[in-house]
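Here is a guided walk through one protein model, taken pair by pair and then pocket by pocket. Keep the viewer open and follow along.

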Amino acid sequence: MPATKKNTTTRLGDRVFSTLSKGSGIALLVIMAAIAVFLAIRAAIAISQDEGNFLTTFEWEANADPPVFGIAVLLFGTVVSSVIAMVLAVPVAVGIALFISHYAPRRLATGIGYVVDLLAAVPSIIYGLWGALYLVPHMTGLFLWLDQFFGWTGVLAYDGTPARSLMTVGILLAIMVLPIITSVTREVFLQTPKANQEAALALGATRWEVIRMTVLPFGRSGVISASMLGLGRALGETMAVATVLSPSFLINASLLESGGSTFAQNIASQFKEAGSTGRDALIASGLVLFVLTLLVNGAARLIIARRAEYSGANA
């Protein structure tokens with residue numbers, strides 16, 4: 001009888017936990033759907049009043065009469081700055097993660113891991129203030145070097161203006177997303193089955209060959225997913241970008257020229273002074289950012305689904 005009572009209690013606990021879990025999942029879907037519906041309704045109102053082309057107009061005069069606005073510059077600035085951040089951050093993050101997980105002594109690895117996790121918790125505004133007061137003044141030398149050797153491409157030409165450009169924003173975003181990508185990648189590398197690594201060592205493989213043949217293939221989808229997580233933060237970063245970037249609704253041929261704009265930065269800088277139509281226009285741009293972020297996270301989920309061994313369950 002006591003055993004039966006215990007089993008009944010356990011089954012009751014399982015049912016309660018299952019109900020709460022399902023309820024949480026359903027609540028999340030309902031919240032996401034409510035956000036999407038709200039954004040879509042307000043975006044439709046704004047776009048119906050727009051005298052320009054919402055996708056191609058290089059202008060943002062949402063408070064004018066009639067309102068004229070478009071997301072071309074915002075989309076370009078958001079995507080370009082995020083791509084720069086990922087190109088710079090991902091290789092460095094993978095290197096740091098490999099050092100912590102497979103090269104550094106345990107004490108040193110623990111200390112570096114703690115510092116990396118601590119950097120991930122630093123508020124965005126701190127990064128923004130550091131970027132505006134220290135990074136921007138010290139970018140001139142790098143920009144002059146890039147102009148000297150690569151200015152002929154036009155993309156890296158520098159005209160001597162203050163370094164409040166998409167390139168600077170991309171570098172700052174790379175520093176911001178680096179701890180996130182490093183932390184996730186480190187945990188993925190640590191899940192690599194020990195049996196595979198020991199087998200490679202037994203066959204005479206060097207440490208680098210072990211990493212190349214076992215750790216990197218096992219963690220490939222995890223690295224990509226961590227990168228997608230960092231990309232999601234880079235796409236939606238607001239305060240740091242608003243502090244560093246010199247906003248303008250122009251698409252410059254050079255990434256080193258001052259100017260540009262992103263979705264989050266434009267919303268933060270214009271929302272306070274926006275009227276009714278202006279707020280709806282900003283919400284419409286937020287809808288585009290919302291969809292873009294969902295696509296990024298959806299791509300990450302597809303990658304994880306294709307590589308089930310990422311979870312380490314089969315180790």
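Is Arg-42 buried, partly exposed or exposed? With a relative accessibility of 25%, Arg-42 counts as partly exposed, where buried means under 20% relative accessible area, exposed over 50%, and partly exposed in between (1.4 Å probe, protein chains only). Before going further, please keep in mind that this is a predicted model, in which local features need pLDDT of at least 70 and side-chain atom pairs count only at pLDDT 80 or more, while totals for chains, interfaces and linings use all residues. Residues are numbered from 1 along each chain as its sequence is written, and side-chain values use heavy atoms, with hydrogens and water left out.

Now look at the partner of Arg-42. Arg-42 forms a salt bridge with Asp-280, with 2.5 Å between the closest N and O atoms; a salt bridge here is a side-chain nitrogen of Lys or Arg within 4 Å of a carboxyl oxygen of Asp or Glu. Arg-42 sits in helix α1 (residues 2-49) and Asp-280 in helix α11 (residues 276-306), so the pair ties together parts that are 238 residues apart in sequence. Helices are DSSP runs (H or I, at least four residues), numbered from the N terminus. Asp-280 counts as buried, at 6% relative accessibility. Side chains of opposite charge can pair when their charged atoms come close.

The structure holds 4 salt bridges. In another of them, Arg-186 meets Asp-117 at 3.5 Å, N to O. This pair also links distant parts of the chain, 69 residues apart, with Arg-186 in helix α6 (residues 166-190) and Asp-117 in helix α3 (residues 106-120). Arg-186 is buried at 9% relative accessible area, whereas Asp-117 is partly exposed at 36%. Salt bridges that share partners join Asp-117, Arg-186 and Glu-187 into one network. Elsewhere, Arg-233 and Glu-237 meet in a salt bridge at 3.8 Å, N to O, and Glu-237 is buried, with a relative accessible area of 7%.

Let us finish with the largest pocket. Its lining consists of Ser-101, His-102, Lys-194, Gln-197, Leu-201, Arg-207, Val-210 and Ile-211. On a 1 Å grid over the protein atoms alone, a pocket is an open set of points where a 1.4 Å probe fits, with protein on both sides within 12 Å along at least five of seven lines, and lining residues have an atom within 4 Å of a point. The lining divides into 3 nonpolar, 3 polar and 2 charged residues; Val, Leu and Ile are among those that count as nonpolar, and Lys and Arg among the charged.

Notes
Helix = DSSP H or I, 4+ residues; strand = E, 2+ residues; numbered from the N terminus.
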